[in-house]
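These notes are meant for a colleague opening the structure for the first time. Please keep the sequence and the model side by side while reading the numbered points.

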Amino acid sequence: MSKFAKKKSGELPAVSTASLPDIVFMLLFFFMTVTVMKDSSLKVENNLPSASEIKKLEKKDRVITIYVGKPTPEYAKVFGTESKIQLNDKFADPSDVGDFILMERAKKSQELQNVLTTSLKVDKNANMGIISDIKEELRKVNALKVNYTTVTGDAFTNLQ
Amino acid sequence: MANREEVPKVNAGSMADIAFLLLIFFLVTTSIETDAGLHRMLPRINHEPPLPISERNILPVSINGDGKLLVANELRDLAELRALTIAFLDNGGALQNDKRYCDYCRGDRNQQSSDSPLEAVVSLMSNRETSYGVYISVQNELVGAFNDLRNREAQRLYYMDYTKMESIYLNPETSKVVKEDLKLKIKKIQELFPLNLSEAERN
């Protein structure tokens with residue numbers, strides 16, 4: 001009759017799930033903090049070309065994005081299959097780019113207005129003509145810092 | 001009144017379910033991406049005529065509508081472009097007693113090619129029909145040539161790659177002291193090999 005007699009029980013004790021919510025909450029908070037909500041849905045095809053000599057765009061709040069590419073199939077009926085510029089949620093002409101940049105620049109705080117970068121997200125099948133038009137417009141409004149946004153990879157794969 | 005002691009417990013069993021629901025929502029909507037790409041500065045609009053540059057200091061690179069590459073009036077393959085550009089930039093053709101003499105160049109010192117990296121300009125010309133993918137590949141090779149040369153000088157002077165210094169400098173977690181130090185070094189290297197790359201459109 002020892003004091004420490006083993007409890008005779010055939011059934012296994014249930015695994016406590018009390019800490020499960022904590023674990024899940026931890027994951028939840030992680031994803032909540034890293035999430036960036038998409039502010040505009042893509043209406044153009046956007047297969048970025050790859051490049052190896054790239055620099056990161058670290059600060060998201062200093063970037064204005066311009067998308068260029070063929071309209072996606074659902075918009076192709078209306079807008080055709082030629083490459084188009086997308087600013088925010090709308091298709092636009094090269095002549096609208098200047099106004100768009102000025103408007104976006106006015107939205108940013110004073111100290112950021114001089115350090116903005118324009119990120120050009122251009123489909124690799126687009127032509128340079130439209131890019132030249134955009135660059136010309138950017139020069140007119142003095143938005144000279146440009147980033148040709150690409151994916152990391154071998155640049156030679158763009159040729160195929 | 002005695003009953004007050006026994007407050008009924010709230011069943012927390014469904015808490016996990018609710019949290020899971022939220023978790024799945026954020027999982028689906030998340031896109032973890034840091035954008036990266038080739039940085040370029042566009043030239044300012046000025047109406048003055050450009051300064052005359054002697055022809056040997058310009059490396060003309062043009063791409064036609066079919067993605068064919070013409071470097072210094074010869075049809076070339078994209079794979080050769082980097083080596084050609086490095087040879088051009090690093091040439092250092094100016095004579096020893098010239099004030100433009102480049103003492104860190106290791107090129108052929110060919111009199112027909114560029115005087116010094118400070119004078120040399122790579123001129124990239126494209127056509128309206130050129131595909132953007134090809135254009136980026138060419139830009140990538142040109143920037144790569146500059147980076148290779150800058151890395152070489154940075155290794156010689158500071159035992160570190162230029163691209164590495166730059167990525168440390170751009171990293172927001174880097175401390176201020178390190179940044180100040182790197183800023184000077186980066187500037188020095190950029191002065192040795194300035195990114196003289198002009199992009200133009202030719203119809």
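1. Burial in chain A. Of the 160 residues in chain A, 31% are buried, where buried requires 20 or more other C-beta atoms within 10 Å of a residue's own, exposed means 12 or fewer, partly exposed lies in between, and C-beta atoms are placed from the backbone. This is a predicted model, in which local features need pLDDT of at least 70, side-chain atom pairs count only at pLDDT 80 or more, and totals for chains, interfaces and linings use all residues. Residues are numbered from 1 along each chain as its sequence is written, while chains are lettered from A and ligands numbered from 1 in the order in which they are written.

2. Confidence. The model scores ipTM 0.76 and pTM 0.79. For chain B the mean pLDDT is 85, with 95% of its residues at 70 or more; pLDDT is the predictor's confidence in each residue, from 0 to 100.

3. Layout of chain A. Chain A contains four helices and seven strands, and along the sequence they follow the order α-β-β-β-α-β-β-α-β-α-β. Chain A is more spread out than a compact globule, because its radius of gyration is 26 Å, well over the 15 Å that the globule rule gives for 160 residues. Here helices (H or I, at least four residues) and strands (E, at least two) are DSSP runs numbered from the N terminus, and the radius of gyration is taken over C-alpha atoms, the globule rule being 2.2 Å times the number of residues to the power 0.38. The C-alpha trace of chain A spans about 95 × 40 × 35 Å along its principal axes. Among the contacts in chain A between residues at least 6 apart in sequence, 78% join residues at least 24 apart, a contact being two residues whose C-beta atoms, placed from the backbone, lie within 7 Å.

4. The interface. Chain A brings 49 residues to the contact and chain B brings 47 residues. On the side of chain A that touches chain B, at least two residues each come from α1 (20-34), β2 (55-56), β6 (117-122), α4 (128-140) and β7 (145-152) of chain A, and α1(A) gives the largest share, nine residues. That side of chain A divides into 26 nonpolar, 12 polar and 11 charged residues, with Ala, Val, Leu, Ile, Met, Phe, Trp, Tyr, Cys and Pro counted as nonpolar, Asp, Glu, Lys and Arg as charged, and the others, Gly among them, as polar.

5. Strand β2 of chain B. The covered face of β2 (residues 58-63) of chain B holds B:L59, B:V61 and B:I63, whereas B:I58, B:P60 and B:S62 form the uncovered one. β2(B) pairs in the parallel sense with β5 (residues 121-126) of chain B over five bridges, and B:I58 has B:V121 as its bridge partner in β5(B). With β3 (residues 69-71) of chain B, β2(B) pairs in the antiparallel sense over three bridges, B:S62 having B:L70 as its bridge partner. The hairpin of β2(B) and β3(B) has five residues between the strands, and B:G67 there takes a positive phi near 80°.

6. The largest nonpolar core. This core has 51 residues, of which A:I66, A:V68, A:I134 and B:V138 touch the most other members; a nonpolar core is a set of buried Ala, Val, Leu, Ile, Met, Phe, Trp, Tyr and Cys residues joined through C-beta atoms within 7 Å. Helix α3 (residues 132-158) of chain B gives the largest share of this core, 11 residues. Not counting residues up to four places away in sequence, A:V68 touches residues including A:V44, A:I85, A:L120 and A:I130.

7. Two backbone angles to check. Most residues other than glycine have a negative phi. B:A72, in the loop between β3 and β4 (74-76) of chain B, has a positive phi near 50°, and B:A72 counts as exposed because it has 12 C-beta neighbours inside 10 Å. B:R109, in the loop between α2 (78-89) and β5 of chain B, has a positive phi of about 55°, and with 16 C-beta neighbours inside 10 Å B:R109 counts as partly exposed.

Definitions and conventions. Two strands pair if DSSP finds at least two bridges between them.
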